[in-house]
Amino acid sequence: MDKIHSLTGMLDLYEDGDSSDLSKNIFETEKRIKNIFSNYYLKEIRTPALEDTDLFKRSAGDISDIVNKEIYSFQDRNDKSISLRPEGTASVIRSVIEKKLDQSTHKLWYMGPMWRYERPQKGRYRQFYQAGVEILGYPEGAPEFEMVSLVCSIIEEFNIADCTLKINHLGNQDNKKAYCDALIKFLEPLKKNLDEKDLERLSRNPLRVLDSKNQDTQLILKDAPSLKEFLETKSIELLEAIKDEFSDVCNIEIDYTLVRGLDYYSGFVFEALSSNLGAQDSFLGGGRYDDLCSKLGGKDLPSIGMAIGIERFASLVSDTTLSDKIVSFITLGSILEPKTYKIAHRLRSLNKNIILDMQLSDSSLKAKLRRANKNNSEYAVIVGEEEFNNGTFIIKPLKDELKEQQTVSIDELFEFYKAL
Ligand code: HAM
């Protein structure tokens with residue numbers, strides 16, 4: 001019978017890693033990101049994977065690539081057009097409007113799969129995971145600093161090397177319009193040098209030309225007017241203040257050409273990139289989107305947010321950063337097991353930072369030690385019949401060859417484990 005395969009660009013993820021090791025680190029990374037979100041007093045929100053297609057047309061902008069070419073849309077049995085969410089922000093705003101929560105402030109996070117029908121390549125999938133944050137109801141100022149602080153905490157916690165946080169300010173609606181007019185005026189006489197994609201961007205959303213992947217366009221843009229000339233002093237000061245405050249924790253660069261792929265942004269925007277990622281070098285991005293809520297039929301709700309691409313981010317995280325202390329509990333002789341489970345139970349409650357792998361198979365000491373070494377255990381706690389009768393346990397160091405194994409009493413074992 002023909003085998004059934006997964007769909008192109010959609011991964012199976014195993015916490016243990018799979019043959020290609022694409023999923024390595026993803027699960028632990030997600031766990032730790034959630035902890036950081038809790039540290040910032042963010043609360044979880046879960047919205048459905050499927051939404052009315054109009055939600056994405058009205059939020060991402062119906063000329064954005066995401067809505068034009070990448071969205072997974074279907075007619076349901078009632079002939080209604082529904083779509084798999086390509087991102088989380090629109091759903092969060094749809095939800096707060098629907099629940100009449102759009103007159104208050106919220107600090108929210110979410111984590112889950114998103115879908116974009118893109119050409120798959122390294123770091124680009126059709127189903128991928130995002131960890132997102134949306135801070136709703138606060139005007140420009142404090143939330144920008146809080147957001148950059150959060151991004152820096154994540155970069156620091158995971159020791160991400162060779163990365164840059166690019167920041168920019170798209171100005172208010174008037175600044176944005178004046179700049180777009182100047183850009184059109186500059187590019188109009190050079191139109192014959194632009195490709196089809198950039199011509200379309202120019203006619204529908206000129207700012208997006210700045211994001212062109214075409215080298216010839218980028219050469220032309222070198223002489224284009226700079227967005228900086230059109231910004232208010234306070235916007236430039238905000239960028240400089242953020243750079244000044246956080247440059248000691250993260251490499252921050254003000255880039256006046258940074259624009260984002262979704263249309264709803266205005267004001268402060270940012271993207272984190274790493275040279276270790278290849279062509280798809282952005283592992284996190286976000287910005288302010290003050291008009292989205294009113295555009296979707298809600299109140300004026302100034303907001304800022306960001307999302308991390310989990311697959312890209314996890315590929316930057318080294319195993320050593322994630323390594324927890326693991327102890328293997330080895331019992332020899334099945335008669336002992338009921339009692340030793342209770343001891344393992346007590347150990348787990350004494351120190352919740354340690355992962356205790358209770359070895360369940362009925363194999364030899366040699367095989368059990370092999371497994372302990374394979375799962376990177378720092379120690380093995382061994383109890384055989386003789387030890388059990390004497391009320392003793394063997395603690396065998398597995399990583400440090402200079403450390404000797406020791407035989408200890410149960411109280412000494414508890415003390416040792418607590419102190420790990
Ligand atoms: P985005 O820049 O479109 O922003 O996506 C955020 C991150 O998701 C990217 O930086 C990238 O790491 C990851 N990503 C995007 N597409 C793919 C893909 N096809 N495969 C793998 N990873 C991908 C947003 O989605 C906004 N909703 C962020 C935001 C939240 N802005 C305000 N609030």
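**The ligand and the helices**

Author: Strands β6 (127-136), β10 (282-288) and β11 (303-309), together with helix α11 (310-316), each give at least two residues to the shell around the ligand. Helices (H or I, at least four residues) and strands (E, at least two) are DSSP runs, numbered from the N terminus. The model is predicted: local features need pLDDT of at least 70, side-chain atom pairs count only at pLDDT 80 or more, and totals for chains, interfaces and linings use all residues. Residues are numbered from 1 along each chain as its sequence is written.

Reader: Which element supplies the largest share of the shell around the ligand?

Author: The ligand is surrounded by 26 residues, where near means a C-beta atom, placed from the backbone, within 6 Å. The closest are Glu-87, Phe-128, Gly-285, Gly-305 and Gly-309. The largest share, six residues, comes from β10.

Reader: How many residues of the shell around the ligand are polar?

Author: Ala, Val, Leu, Ile, Met, Phe, Trp, Tyr, Cys and Pro count as nonpolar, Asp, Glu, Lys and Arg as charged, and the others, Gly among them, as polar. In the shell, eight residues are nonpolar and seven charged, while the polar ones number 11.

Reader: Are α1 and α5 oblique or parallel to each other?

Author: The axes, which are lines fitted to C-alpha atoms over the stretch in contact, have angles from 0 to 180 degrees between N-to-C directions. Those of α1 (residues 26-39) and α5 (residues 142-157) come within 11 Å and cross at roughly 140 degrees. Angles under 35 degrees count as roughly parallel, over 145 as roughly antiparallel, 65 to 115 as roughly perpendicular and the rest as oblique. The two helices are therefore oblique.

Reader: Which residues of α5 make the contact with α1?

Author: Residues are in contact if their C-beta atoms, placed from the backbone, lie within 7 Å. From α1 come Arg-32, Ile-33 and Ile-36, and from α5 come Ser-153, Ile-154 and Glu-157.

Reader: What residues of α9 does α5 meet?

Author: α5 and α9 (residues 233-246) pack at about 35 degrees, with axes 11 Å apart. On α5, the residues are Glu-144, Phe-145, Val-148 and Cys-152. They meet Leu-238, Ile-242, Glu-245 and Phe-246.

Terms used: Contact = placed C-beta atoms within 7 Å.
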